[in-house]
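Hello,

Here is the structure I said I would pass on. My notes follow below it.

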Amino acid sequence: MKFGVVVFPGSNCDHDAYHVISKHVGQPVDFIWHKETDLSGFDAVIVPGGFSYGDYLRAGALARFSPVMKSVKDFAAEGKFVFGICNGFQILCESGLLPGALMRNAGLNFVCRHVNIRTENQYTPFTNELELGNVLSIPIAHAEGNYTCDDATYDLLEENNQIVFRYCDENGEITQESNPNGARANIAGICNQDRNVLGMMPHPERACEELLGSNDGRNIFRSLTNAIAAVEA
Amino acid sequence: MKANVYVTLKPSVLDPQGKAIHHSVELLGFQQIADIRQGKYFEIALDDSVNETEAGEVVERIARDVLANPVIEDYRIEIVK
């Protein structure tokens, strides 16, 4: 089993992801420079958070044209796992691997704090360690996390059960007050129809150590490890 | 040959930045403003060898594939000689 963490100019959560995979998930992991195109040997690719290309034009818009992204698309098409976190989620949306777009936060501010998210679909490779309704405490840190899509896309997301996480209060209630950025229907994370691509704004790699205030992120990485092991078996 | 490209949020998409600017303009004393929407403007210089038809096609592709995100944005192109 091998994880890859893509590094764009401006990525800044690449080392956090690497640290969590190697130290807490205990699996081999390599960085993948954005100019590389060979993803053979990897079972899962993490597109990490940060400010790829300085967020120029739109967050994630320029990273889409990096050579590695064509390979990431092929990788996803083969059914392998792709996990976009924060800027990675923005890049996956810009690349068309996930539907919709992430706009400027409704409150205009960069929001950096722990939020609660509710598990909306436990039947994905990223959530098999969770149960429906489980509430996770995971930090966010973004200015463009306001998920938006048209009505037709939203209906499809609902119909196919592609909404994986929603912002909620500590009791798991989906409220307007618990929505940190104005995202449509409190959406914090979605997957593709085939369930092998997940994008989420919260940072589970920053919630894998008690010292950092929460361990809840480990569930997501453990789930992914289970999923890879199931494919290998 | 030059092209100007204007990228604007679709009318159905909320524009919190435009709203904040509108609010500031009102604080400045302009109460008669109905709405302000923020957008992006690009000036593209093309090689002299490119004719007007080609310029239109090239800039259309650039606007659609790079400058605008069709999920949330519209664009308008002006070819300037």
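With 233 residues, chain A would have a radius of gyration near 17 Å as a compact globule, and its value of 16 Å agrees. The radius is taken over C-alpha atoms, and the globule rule is 2.2 Å times the number of residues to the power 0.38. Along the principal axes, the C-alpha atoms of chain A fill a box of roughly 45 × 40 × 35 Å.

This is a predicted model: local features need pLDDT of at least 70, side-chain atom pairs count only at pLDDT 80 or more, and totals for chains, interfaces and linings use all residues. Residues are numbered from 1 along each chain as its sequence is written, while chains are lettered from A and ligands numbered from 1 in the order in which they are written.

Of the 233 residues in chain A, 55% are buried (20 or more other C-beta atoms within 10 Å of the residue's own, with C-beta atoms placed from the backbone). The largest nonpolar core has 71 residues, and A:Val5, A:Val6, A:Val45, A:Ile46, A:Val82 and A:Phe83 have the most contacts inside it. Such a core is a set of buried Ala, Val, Leu, Ile, Met, Phe, Trp, Tyr and Cys residues joined through C-beta atoms within 7 Å. Another core, of 8 residues, lies apart from it and includes B:Ala3, B:Val5, B:Ala68 and B:Tyr75.

A:Glu205 is buried, because 30 other C-beta atoms lie within 10 Å.

Regards

Conventions
Buried ≥ 20, exposed ≤ 12 C-beta atoms within 10 Å, placed from the backbone.
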